[in-house]
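Visitor: Please take me through the helix packing and the domain contact, setting each term against its definition.

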Amino acid sequence: MTRTVAAGRALQAPAWWRDAVVYQIYPRSFADSDGDGIGDLQGIIAHLDHLVTLGVDVVWLSPIYASPQADNGYDISDYRAIDPVFGSLDDFDELVEAMHARGLRLVMDLVVNHTSDEHPWFVESASGPDSAKRDWYWWRPARPGTQPGSPGAEPNNWGAVFSGPAWTFDPASGEYYLHLFAGKQPDLNWENPAVRHAIHDIMRWWLDRGVDGFRMDVINYISKVPELPDAPSRPGEMLADGQAFYNCGPRLHEYLQEMHREVFADRPEHVLTIGEMPGVDLANALLATDPARRELDMVFQFEHVSLDHGTGGKWQRRRLEPDDLAATFERWQHGLAGRGWNSLYWNNHDQPRVVSRFGNDGQYWRESATALAAVLHLQQGTPFIYQGEELGMTNLPFREVGQLRDIESVNHYATALAAGVDEATAFEQVRWAGRDNARTPFQWDAGPRAGFSTGRPWIDVNPNHGWLNAAAQVGVGGSVFEFYRQLIALRHSDPVIVDGDFERLPGTAPGVLAYRRVLGDQQLTVIANLSDSPCRPGTDIPQGSLLLRNVTGLLTDTLAPWELRVFRS
Ligand code: GLC
């Protein structure tokens, strides 16, 4: 169905993606067709009808390229090959065909801030200071006056996202290379035009193969201040946060515009482009998504998923204040309205499960999963659903360190212990905030291994799959799945959800989030109690027809715990 666009986005008319809903598949954990315990492309093909039933329009696939899997595929050694663990290029072509036949579009993960250290570009680059590809990565000598390879001799003081310094020493060439993530993920040097051309080529290659768009991994990190200066450090700490020198760096927007010109501008169909941008501010998000600037369609910002982080970052947990959440939503809805575009998400493969994190995965599991879904999905922007979210999948109750798989958690745990943190505290940190929570196998049914695999899964299956699974929910009235299905159908049929202005309703009781969407004389009012206690919302409950509710029982002026009501007027 083709829609005309609102005035502010006239440059892209008609934009098929404006009322689309995206579903993220983490292939390793979705469905395993060959019993090796790791999900694969044939597994996805066999389950596409689940997505059709749900009603989504686009699938974003986390990386399936050849990779040593140091970071589960976010470390690529060949951009034009499928990792054998997932299948072959033939399987991929079959997947594209099967998806297109069902009206689903495919967005690939594009990981080009860094490669694997096993990528031939890096292997050649590391072969010595005179290598023709030396300048494809960031090589630097040791800090002047230090012994190369000794602690503190790194060229600058930046810490890596996955713990330790952002530099690894290469004794063979006597220099260090930069990696903002793990040592096996060296950063590409985008200053070099040959690097950018090579990346554009790869992108065109996949588009010619039939893909419909890209989700671009940490794309706001690609431009660094070339001098790579030291960052201010906290007293007593060796390592510092270098983001000031690479988060939305000096040439980011230039690179994105060049990519648009080189790769997207002349394609017959609109290519969907989504930038992952940790730590992006509103100003840069607007620059990146204003269609007049020809950069990206939308970006993932991280503000709402950082509201429960303490001063020490994600490993320090603090309670989410629903008021902070409402304020963040309001800022981004207003900030991008009319010019930019929001992507809306609670979950992905990097975030703990939302029903465990911001909801109540015990007594109010169903109510909180559905209330959280609705307050997100009824905003303006493009909603993303991460596999299993549509079932209300929860965090894994990890019992021991041996269950951890994620490099970030494993490294953090070891670093915390080395820094004197006690085992129980360090374990609690990774248990709560670790990315493995999102990566447990999809729960298809109540059978052994949740119907995910006939072999031993690469990561433990959540023990709650006996009752929390797709077979128990698809087609079952009142289920979390059916609620998601309704939300998606509403977006497809109701222009006020796609185009309406966003107005937060003031004066609500603590724990209550309420907003209105307005388009001409159409109004939608969303009121949710995001707490475990019944309460009066503190704002007038509107007159009008009740469109959606997630609990049953008499409609009174008190909201039940986690009750959600949506009215149309
Ligand atoms: C992104 C990915 C994450 C990965 C990191 C490095 O944040 O979503 O999974 O570890 O980039 O590629």
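**Helix pairs and domains**

Guide: The axes of helix α10 (residues 365-377) and helix α14 (residues 480-493) come within 10 Å and cross at roughly 15°. This is a predicted model, in which local features need pLDDT of at least 70 and side-chain atom pairs count only at pLDDT 80 or more, while totals for chains, interfaces and linings use all residues. Residues are numbered from 1 along each chain as its sequence is written, and side-chain values use heavy atoms, with hydrogens and water left out.

Visitor: Why are α10 and α14 called roughly parallel to each other?

Guide: Axes are lines fitted to C-alpha atoms, for helices over the stretch in contact, and angles run from 0 to 180 degrees between N-to-C directions. Angles under 35 degrees count as roughly parallel, over 145 as roughly antiparallel, 65 to 115 as roughly perpendicular and the rest as oblique. The crossing is roughly 15°, and α10 and α14 are therefore roughly parallel.

Visitor: Which residues of α10 and α14 meet?

Guide: With contact meaning heavy atoms within 4.5 Å, Trp-365, Arg-366, Ala-369, Thr-370, Ala-373, Ala-374 and His-377 of α10 meet Val-480, Phe-483, Tyr-484, Leu-487 and Arg-491 of α14. By class, this contact has 8 nonpolar, 2 polar and 2 charged residues, where Ala, Val, Leu, Ile, Met, Phe, Trp, Tyr, Cys and Pro count as nonpolar, Asp, Glu, Lys and Arg as charged, and the others, Gly among them, as polar.

Visitor: What makes α5 and α6 oblique to each other?

Guide: Helix α5 (residues 193-208) and helix α6 (residues 252-264) pack at about 45°, with their axes 10 Å apart, and on that angle α5 and α6 are therefore classed as oblique. Arg-196, His-200, Met-203, Arg-204 and Leu-207 in α5 meet Tyr-255, Glu-258, Met-259, Glu-262, Val-263 and Phe-264 in α6, a contact that divides into 6 nonpolar, 1 polar and 4 charged residues.

Visitor: Why are α7 and α8 called oblique to each other?

Guide: The axes of helix α7 (residues 282-289) and helix α8 (residues 322-336) come within 10 Å and cross at roughly 40°, and α7 and α8 are therefore oblique. The contact is made by Leu-282, Ala-285, Leu-286 and Thr-289 of α7 and Arg-331, Trp-332, Gly-335 and Leu-336 of α8, with 5 nonpolar, 2 polar and 1 charged among the residues.

Visitor: What area is buried between domain 1 and domain 2?

Guide: The domain assignment gives domain 1 (18-115 + 193-223 + 271-481) and domain 2 (500-568). Buried area is the accessible area (1.4 Å probe) that two parts lose on being put together, summed over both, and here the value is about 1900 Å², of which carbon and sulfur atoms give 65%. In domain 1, Tyr-364, Val-375 and Leu-378 lose the most area to domain 2, together 28% of what that side buries.

How values were computed: Helices (H or I, at least four residues) and strands (E, at least two) are DSSP runs, numbered from the N terminus. Domain bounds come from an automatic or database domain assignment.
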